[in-house]
Amino acid sequence: MSEHRIRILYLDDEINNLNTFKASFRRNYEIYTALTVTEAKLLLEEIPVEIIIADQRMPNTTGVEFFNSIKEKYPDPIRILLTGYTDIEDLIDSINKGQIFRFIRKPWEDFELQNAIANAHDLYMARTLLKEKVVALEKANEELNRFIYSASHDMRSPLVSVLGIINLAKTDESITDPNGYMELIESCILRLDEFIKKVIEYYRNSRVDTETESVDFAKIINESIEANRHRNNMVQFSVDVQQDHVFRGDAFRTSIVLNNLISNAIKYQKSDEPHPKVHLTVRTLPRKAIISIEDNGVGILHTHLNDIFRMFFRSNRTDSSGTGIGLYIVKEALSMMGGTIEVDSTYGQGTKFEIILPNHVEE
Amino acid sequence: MSKNNCAVVLIDDSEVDIFLHEQLIMHAGGFAPVWSFSTPEAALDHLASLAFSEPKSSLPIIILLDIKMPNMDGFSFVSRFESLPAAVKDRCSIVMLSATLRASDTLRAEAIPAIAAFVNKPLTVNLLRGLAATIISAR
């Protein structure tokens, strides 16, 4: 795997041990030896070794102390401790602190030491590889982030220019348009813009960390209604929130879910319904919240009920303006929160969604 | 709305948006003169020259500033704007305009005191009138 031979630093106050080690292993490894801690540290400054072997008993210090003194500056090399004595307290301590990969009793058996070195090197390589992967992944993530926002901006820019021009044409009445072509153009552009926004919402839902905070359902619902009311001013809302227990959860994703469902409840109203209605209820309990949203809109074909949460699914008979992504986002957001959703609908009469969210209030 | 109570500096790299915003400004009424620039650099040069060409003027200026532009973006413009002479700077209110969906752009704009407002495109005649009213009454 590696181009070069494994680099090992061996620290021992007995020159005979250093020489024996060299004699046994010089063919296989690139070996650096040191008689004192000072020498060892000088070598570490110059040479990026992968494995450090140290004797435990030395005149002024111990191997464990030496490892302790270099762990901040050189965290990567894998450490092996040689000991002729069983200084059990020291050993337990240093192993527990995770500083030592193996300890080997002196005098060592060559095969045992060789095995330890091979394993230590494998660990070193695995850690290095993991670090490289993490760096590469972070870079890829950051690039994706930049790409998503840059692409969405560059797609939206011309769209909003077109919307601006349509608004301008309406204001100065400079276009005679008896067949309503401008309205058609506008509705297509709005749909595409909606789609881009949904894609970004989906992306954000998959990326943003889940945060537990206190959730104010009445506020979220009112904001969603205000943001969507313009789609159909006829719709009458009735909101019944009874937040008897404090509810803690992910406010960001809760608002994604409610916003999509409220927007759908408004969008999928019957054009000939004289009293379009949307009814919302929220009940909080110690362990969960139960939310229902019911409309008297177009409803969903029974055969489509299983498919509505699929990505890009559009119930074709009823859905002319949808993007096919809203309910998918709802389901994704709920699964990230550990919530569930049930749907009950009668085609031509209305739809009711019921959501259950877990309450993360501290016990 | 009374005549000519506010000047406008338009900064946008899109020709179409410059045209569109000029038309909207015309329809909204009450804005003159209107200076349009396709680069932030040119706008900064013009603003700096106002200190000499009209040193006594106190006519408020609304700067409609796009965010994403090549070479220098809206945020870099704002930091360069800070070093303009106070006589010019004090006349200006910056309104950021963008098609961005990046939450951090909005948060960043809110955190910068020199930016008076953030508007998601498309700009409309009503939005423009509302902005002007708020900015002028805040002076």
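A salt bridge is a side-chain nitrogen of Lys or Arg within 4 Å of a carboxyl oxygen of Asp or Glu. This is a predicted model, in which local features need pLDDT of at least 70 and side-chain atom pairs count only at pLDDT 80 or more, while totals for chains, interfaces and linings use all residues. Residues are numbered from 1 along each chain as its sequence is written, chains are lettered from A in the order in which they are written, and side-chain values use heavy atoms, with hydrogens and water left out.

Select D154(A) and K68(B) to begin: they form a salt bridge whose closest N and O atoms are 3.0 Å apart, and the rule finds one salt bridge across the interface of chain B and chain A.

Next, select helix α1 of chain B, residues 15-28, which gives six residues to the side that touches chain A, the most of any element (helices are DSSP runs of H or I with at least four residues, strands runs of E with at least two). On that side of chain B there are 18 residues in contact with 20 residues of chain A, where contact means heavy atoms within 4.5 Å.

Finally, select the whole of chain B, and follow its six helices and five strands from the N terminus on, in the order β-α-β-α-β-α-α-β-α-β-α. Of the 139 residues in chain B, 47% are buried, a word that here means under 20% relative accessible area with a 1.4 Å probe, protein chains only.

Conventions. Buried means under 20% relative accessible area, exposed over 50%, partly exposed in between (1.4 Å probe, protein chains only).
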